[in-house]
Amino acid sequence: MLEVRGLTVHYGGIRAVKGIDLDIAAGEKVALIGANGAGKTSTLKALARMLPAGGEVRFDGGDISHAPPHTLVGRGLALVPEGRGVFARLSVRENLDMGAYARDDRAAIAADLDRVYTLLPRLKERAGQTAGTLSGGEQQMVAIGRALMSRPRLLLLDEPSMGLSPVMVDTVFGVIRDIARDGVTLLLVEQNARLALSLCDRGYVMDSGRITLAANSAELLDNPAVRAAYLGE
Amino acid sequence: MDIFIQQIINGLVLGSIYALVALGYTMVYGILGLINFAHGEVVMIGALTALTAIGLLVPSGLPGPVVVLGGLLIAIPVCMAVGFSIERIAYRPLRNAPRLAPLITAIGVSIVLQQLAMMGWGRNYHTFPAILPTTPHQVFGAAITDLQILIVVTAAVLMAALLWLITRTRLGRAMRATSENPAVARLMGVDVDRVIAFTFVLGSALAAVAGVMVAANYSIAHYAMGFMLGLKAFTAAVLGGIGNVGGAMLGGLLLGIIESLGAGYIGDLTGGFLGSHYQDVFAFFVLILVLVFRPSGLMGEKVAERA
């Protein structure tokens with residue numbers, strides 16, 4: 001579903017992503033783990049065309065390396081951005097409506113709204129409230145619900161656990177699990193490697209802008225280097 | 001007392017016009033963080049275009065209001081085209097430049113438009129033909145003309161429509177989302193460039209209407225009229241809280257009333273030392289007070305600098 005070849009990202013003279021390859025098949029759940037500054041967020045942003053990048057990105061067989069960023073959501077690629085990026089002055093409901101901005105199938109949108117409310121009942125309670133007044137965890141739910149409203153086939157999630165209480169992390173990851181069960185392909189960026197690998201089928205380890213390891217989750221969890229560097233053992 | 005009521009009426013009329021112009025400043029600021037100093041010039045172009053069209057239509061013998069409407073219907077698309085071009089030519093290439101660059105460019109655009117208007121329309125004052133009924137109605141001892149009523153009502157309808165557009169429609173939602181976070185709005189599928197262009201076009205359409213109102217209200221238009229009007233409307237936008245659409249409406253009306261009351265009473269206040277032609281003092285006095293004591297404006301929230 002997603003094929004990435006030689007992806008590079010530069011910030012001025014600094015190379016944040018130094019030519020990485022990724023492959024994700026339909027229905028897979030893939031984690032991208034690594035330390036702070038490894039280039040994970042830059043990779044996701046480059047895939048969503050929020051950053052100028054080099055290399056080739058193919059989604060569903062089509063080259064999206066040069067696609068205008070606002071056309072990606074219509075192709076079925078959604079990103080839950082770093083720091084959530086909710087529209088703070090819009091209501092929760094309006095945020096969700098923004099998720100469906102690229103769609104015009106009203107009946108299906110209404111059905112998806114119901115589904116998001118079922119998955120994230122808190123959002124239904126807070127539908128009329130301004131998103132900026134919600135807690136961090138609730139905002140993360142808004143960001144995830146909003147991405148779901150685009151009916152994505154590939155969902156990119158950037159650090160969904162960041163800044164959340166342990167209870168809220170469980171809730172949010174429960175929702176992500178439900179989403180994956182519905183057949184949405186996932187690429188999950190996380191600093192919390194154990195959490196990410198417990199959810200995903202396999203993972204890539206990123207370090208200093210390069211992929212240093214690629215294996216299935218069980219192998220990564222057993223790998224002494226991974227344990228030492230990312231699992232705090 | 002009747003002077004007080006008269007000045008309130010005059011202030012409402014003036015304030016309605018300021019509000020329409022202030023909306024153009026505040027919408028662009030809300031989306032781009034840019035003060036479009038050329039906006040006053042768009043008002044001027046609207047006024048002069050309408051006057052030219054009206055001058056051509058008068059000999060047709062059509063009723064006055066129809067002639068004015070005709071002028072308006074020509075001025076609106078002309079101003080929309082001007083607003084669209086300004087954004088495309090002057091601001092879009094500087095979208096990622098340091099903030100000072102588009103600000104200086106805005107001043108440059110303002111000067112260019114003013115000079116072009118001077119070349120096209122000359123340095124003379126253009127008078128609005130006396131084709132609208134001017135019989136005053138008496139209200140609580142004060143006078144109000146049909147034209148004044150029409151200005152206030154038209155402005156109110158336009159502002160209500162604008163609020164509806166911004167708060168209730170898909171496009172308005174996209175405008176608000178873009179103003180908060182263009183990068184994320186893009187992720188949602190919003191073509192941010194189009195939203196920005198639309199914002200300029202919308203503001204310019206309002207400016208065209210305001211231009212015709214000014215010309216009709218003062219019976220006069222001039223290539224340099226946009227400068228002072230633009231500054232006043234900018235003041236109104238700052239007073240209401242720049243970036244806030246409701247604030248621009250409130251700020252415009254308040255500024256109009258403050259200015260009218262000031263003009264009405266300045267003679268008494270200064271023992272006859274200053275006359276009503278000093279009315280501009282009040283607008284800028286208000287601007288200074290707001291900038292010193294409440295820089296975020298009446299309805300503005302404290303906004304952190306964008307990262």
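**Exercise 1. Find out why the size of chain B fits that of a compact globule.**

Start with the length: for 307 residues, a compact globule would have a radius of gyration near 19 Å, and chain B agrees because its own value is 19 Å. The radius is taken over C-alpha atoms, and the globule rule is 2.2 Å times the number of residues to the power 0.38. Next, look at the box: along the principal axes, the C-alpha atoms of chain B fill roughly 55 × 50 × 35 Å. Then check burial: 49% of the 307 residues in chain B count as buried. (Buried means 20 or more other C-beta atoms within 10 Å of a residue's own, exposed means 12 or fewer, and partly exposed is in between; C-beta atoms are placed from the backbone.)

A word on what you're looking at: this is a predicted model, where local features need pLDDT of at least 70 and side-chain atom pairs count only at pLDDT 80 or more, while totals for chains, interfaces and linings use all residues. Residues are numbered from 1 along each chain as its sequence is written, and chains are lettered from A and ligands numbered from 1 in the order in which they are written.

**Exercise 2. Work out what helix H5 of chain B packs against.**

First, count the elements: chain B has 11 helices and 4 strands. (These are DSSP runs numbered from the N terminus: helices are H or I with at least four residues, strands are E with at least two.) Now pick out H5(B), residues 146-168: its 23 residues reach 32 Å from first C-alpha to last, close to the expected 33 Å. That expected span is 1.5 Å times one less than the number of residues. Its buried residues are B:Leu147, B:Gln148, B:Ile151, B:Ala155, B:Met159 and B:Leu162. Finally, see what those buried residues pack against: helix H1 (2-32), strand S3 (142-145), helix H8 (192-218) and helix H10 (245-269) of chain B.

**Exercise 3. Trace the strand partners of A:Arg58.**

Begin with S1 (residues 2-11) and S4 (residues 53-59) of chain A, which pair antiparallel over 6 bridges. (Strands pair if DSSP finds at least two bridges between them.) Here A:Glu3 stands opposite A:Arg58 of S4(A). Move on to S5 (residues 62-63) of chain A, joined to S4(A) by 2 bridges and also antiparallel. In S5(A), A:Asp63 is the bridge partner of A:Arg58. Last, look at the hairpin of S4(A) and S5(A): there are 2 residues between the strands, and A:Asp60 has a positive phi near 55 degrees.

**Exercise 4. Are A:Arg49 and A:Arg151 buried or exposed?**

Take A:Arg49 in the loop between helix H1 (40-47) and S4 of chain A. Its phi is positive, near 60 degrees, and A:Arg49 counts as buried because 22 other C-beta atoms lie within 10 Å. Now A:Arg151, in the loop between helix H6 (136-148) and strand S7 (154-158) of chain A: phi is near 50 degrees, again positive. A:Arg151 is buried too, with 20 other C-beta atoms within 10 Å.

**Exercise 5. Describe the side of chain A that touches chain B.**

Count first: 19 residues of chain A are in contact with 15 of chain B. (Contact means C-beta atoms, placed from the backbone, within 7 Å.) Then find the elements giving two or more residues to that side of chain A: helices H2 (72-75) and H3 (92-99) of chain A. H3(A) gives the largest share, 4 residues.

Terms used:
Contact = placed C-beta atoms within 7 Å.
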